[in-house]
Amino acid sequence: MVFSSACRSLLRHRQIATSYLSCCRRSICTSAPTEERIEAAGYHVSGGPSFMRGTVFWEPDRPLTIEEFHMPRPKAGELLIKTKACGVCHSDLHVLKGELLFSSPCVLGHEITGEVVEHGAHTDVGITKRFPIGSHVVGAFIMPCGNCFFCVKGQEDLCEAFFAYNRAKGTLYDGQTRLFLRNSGKPVYMYSMGGLAEYCVIPANAVATLPNSLPYTESAILGCAVFTAYGAMRHAAEMRAGDSIAVIGVGGIGAR
Ligand SMILES: [Zn+2]
Ligand SMILES: [Zn+2]
């Protein structure tokens, strides 16, 4: 990437930023012994890097900065993702401009693709088998808890925990962030998974497998712009194949 250039151009226009992670000191292996070793000891002490870089939002109209973080640690039911690409959404721009209040400092970015590099300890075996180490994934900007009133009804877009913890406090559902600055240890909040960083932690409920045939960069917007537009057309407008439509405005969801 393009990591730093993406940050510089963040305020100018929506774009996809792709991260090539030069600090990774080994390649990821999908063999069982390596996977077991990673789960037992954690990615950062199993040959992976101990630190990462991420883009920090401090306050409206102040330039983003690139900071070093301790390698984030996933907890049960969460995955550590090596970020390969992250879109820049209009929601990010609203936060940058102060039009949408959010806890700060924080890492923005919620349209990610990446590679699974670690499962949180005690993660259900069904999750670890579904998303093995090395698998390609795409993240969703709404990260459903899977247990609340709305999630159990299949209305994950209204997840109470997501809005109460992530949107209101910038944390995951234990009320804590996974991001801490390397030098000061200061906590940094997460807008969704905090995708504008070399690695991110995301609840497995918000992850889907990305077929190897789909490219990381172009697929990053699947988890926000694409499913927002698809949901509106499929469920609200009840569009069907063959219908004639007019799209007003430009952009991923017709917003300007
Ligand atoms: Zn978005
Ligand atoms: Zn929920």
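The lining of the largest pocket in this predicted model is made up of nine nonpolar, five polar and two charged residues. Of its 16 lining residues, Ala140, Ile142, Asp157, Gly223 and Phe227 are found nearest the centre. Three elements, β7 (136-139), β11 (207-209) and α7 (225-236), each supply two or more residues to this lining; the greatest share comes from α7, which provides three. Both domains take part as well, with at least three lining residues drawn from domain 1 (3-221) and at least three from domain 2 (224-256).

Turning to the strands, β9 (residues 187-190) has pairings with two others. With β5 (residues 106-107), β9 runs parallel, and two bridges join the pair; here cysteine 106 has tyrosine 189 as its bridge partner. With β8 (residues 179-180), the pairing of β9 is antiparallel, again over two bridges, and phenylalanine 180 sits opposite proline 187. Six residues separate β8 and β9 in their hairpin, where glycine 185 adopts a positive phi near 75 degrees.

The average pLDDT of the chain is 84, and 79% of the residues score at least 70. Residues 1-40, however, have a pLDDT below 50, although this stretch makes 94 contacts in the model beyond near neighbours in sequence. Where pLDDT is low, predicted coordinates should not be read in detail.

Key
Residues numbered from 1 in each chain as written. Chains lettered and ligands numbered in written order. Predicted model: local features only at pLDDT ≥ 70, side-chain atom pairs only at ≥ 80, totals over all residues. Heavy atoms only, no water. pLDDT = per-residue confidence, 0-100. Contact = heavy atoms within 4.5 Å. Pairing = 2+ DSSP bridges. Helix = DSSP H or I, 4+ residues; strand = E, 2+ residues; numbered from the N terminus. 1 Å grid on protein atoms, 1.4 Å probe; cavity = no way out; pocket = protein on both sides within 12 Å on 5 of 7 lines; lining within 4 Å. Nonpolar A, V, L, I, M, F, W, Y, C, P; charged D, E, K, R; others polar. Domains from an automatic or database assignment.
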